[in-house]
Every structure is written in structure tokens, then in C-alpha cells.
Amino acid sequence: MTDSGEAPSEAGAAVGRRIGIGLMYGLWRPRVLGAWRVPSAGPVILAVNHSHGIDGPMLMGTAPRPVHFLIKKEAFVGPLDPFLRGIGQLKVDRDTTDRKAITDALGVLEQGGVLGIFPEGTRGEGDFASLRAGLAYFAVRSGAAVVPVAVLGSKERHSRLTPAVPPLRSRVDVVFGAAFEAGDGSGRRTRKALDEATVRIQERLTAHLAEARRLTGR
């Protein structure tokens, strides 16, 4: 839901996807592997490794369906605030239990949409070494399929003109893994069940990242 009480806009996310396609394919050379593994309908969580600021926009431009990302509130500044809201992205305060962000994210999944999450919580090595419990909560609570995604090559080299981004026209690999259920099938949402789901998710994401590196040679 937005501040006006409206649900995150699916149409807005579709516009965001078109913008992402234009920008990402216009500036870089994405190579997308396994996009067919993303279920074509129903609630899906894309669990993305996070090592560079372009990882989110890259996913928006390469995923086969519009994506609503949970994005840190610090990004919603100035004109970016109405823009990000307009394209269906979700603001989250990472320093507290952000109930509005939780409601918004569950709303996306209840409507059969695609939620994008960086399960490491913040930009890091992008190796899924440290997962927060939020992904397990959303997956178990909603029953949504989880699709691991590895973005590789976004931080190997930097542009000489703009050091904050990869060199223009360089290749960035986006590898989608097989969808899986995070829960154990019991529907339990106890702390123990969420902890077990987090371990299950981390094992799957880490294995996917290793396979993606093998496939791409990165």
C-alpha cells in the first residue's frame, strides 16, 4: 500500500520494467540465463544477490515479469521518491520492524505479483553469506515460490567516466535458478520454522550462485 492507501501499482511496475529494459540494454549488455524458470503466473519472490547499485534496476529490466522491489528508504529522496513509488517499488526502513513495508510486500504476493528482495539486507560481497529472516517470513507466510537470482559482473570493473557503475556496454550476467518452496509444507510460522526455512533458503541460494559462476565463468 502507498501512503494514499492504494496497493503497490502492478501497472506502475510494468512501466518500471519497460524503463529498466531500455536503460539496462541501452547502457550495458545483459546476458540472461534461465528466465524461463520464473513461474509465468502466481506469487513469486526473486531472491537476488547484491554487490552493486545497478543490481535492482538490472533485474527490473531482465526479469520476465514486472518486479516490486523492497528498497531502503534512503533511496527515496527528492524526485526519486514519487518516481520509485510510481513504478510500484516499496520503501522499507531497515532499522526497525517496518509494518507498512511488510503489509505492502505481502499485498504484492497476495495479488499474485513478483516481489524482489536482496536477502543479504544490504550491498555486500553478493555471496549470500549472511541472510536476514525477512525472506523466509514472506515466503512461508505467502506460500510464494522463491527463485534465486545471481547478478554477476556488475562490480568486476568500473567505468572510467562514472566509477560508480560498470563500463558502458560491458556484459552483465543475470542467472535465474529453479523455483522452490521455502517452507516445509506444514504451514508453520513459528520462530523455529522460520529459522529452518532461512537455512533451507541459504543452502539453495549459495548452491545457485556457485552454479551460476560455473555457467558464466565468473
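Student: Leaving aside neighbours within four places in sequence, which residues is Asp55 in contact with?
Tutor: This is a predicted model, and in it Asp55 is found in helix 2, which covers residues 55–62. Once the neighbours within four places in sequence are left aside, the contacts of Asp55 are Asn49, His50, Phe118, Val151 and Ser154.

Student: Is Asp55 buried or exposed?
Tutor: The cut-off needed here is that a residue with under 20% relative accessible area is classed as buried. Asp55 has a relative accessible area of 0%, and therefore the class of Asp55 is buried.

Student: What is the separation of the C-alpha atoms of Ile21 and Gly61?
Tutor: Ile21 has its place in helix 1, residues 10–27, and with a relative accessibility of 31% Ile21 counts as partly exposed. Apart from neighbours within four places in sequence, Ile21 is in contact with Gly26 and Gly61. Ile21 and Gly61 are 40 residues apart along the chain, and the separation of their C-alpha atoms is 3.9 Å.

Student: Turning to charged pairs, how far apart are the closest N and O atoms of Lys73 and Asp93?
Tutor: Side chains of opposite charge can pair when their charged atoms come close. A salt bridge requires a side-chain nitrogen of Lys or Arg within 4 Å of a carboxyl oxygen of Asp or Glu. Lys73 and Asp93 form such a bridge, and the distance between their closest N and O atoms is 3.3 Å.

Student: In the salt bridge of Lys100 with Asp104, what is the relative accessible area of Asp104?
Tutor: Lys100 and Asp104 both lie in helix 4, four residues apart, which is about one turn of the helix, and their closest N and O atoms are 3.0 Å apart. Lys100 is partly exposed at 35%. Asp104, by contrast, is buried, with a relative accessible area of 4%.

Student: What is the N to O distance in the salt bridge where Arg214 and Glu211 meet?
Tutor: Both residues lie in helix 6 (residues 191–216), three residues apart, or about one turn of the helix. Arg214 is exposed, with a relative accessible area of 58%, whereas Glu211 counts as partly exposed at 35%. The N to O distance in their salt bridge is 2.7 Å.

Student: How many salt bridges does the count come to?
Tutor: One part of the picture is a network of salt bridges that links Arg31, Arg171, Asp173 and Arg218. For the model, the count of salt bridges comes to nine.

Student: In helix 5, which residues are buried, what covers them, and which residue just after the helix takes a positive phi?
Tutor: Helix 5 covers residues 134–142, and Leu135, Ala136, Phe138, Ala139 and Val140 are buried there. Their cover includes strand 2 (44–48), strand 3, helix 4, strand 5 (114–117), strand 6 (145–152) and helix 6. Just after helix 5, a positive phi of about 75° is taken by Gly143.

Terms used
Residues numbered from 1 in each chain as written. Predicted model: local features only at pLDDT ≥ 70, side-chain atom pairs only at ≥ 80, totals over all residues. Heavy atoms only, no water. Helix = DSSP H or I, 4+ residues; strand = E, 2+ residues; numbered from the N terminus. Buried < 20%, exposed > 50% of the residue type's maximum accessible area, 1.4 Å probe, protein only. Contact = heavy atoms within 4.5 Å.
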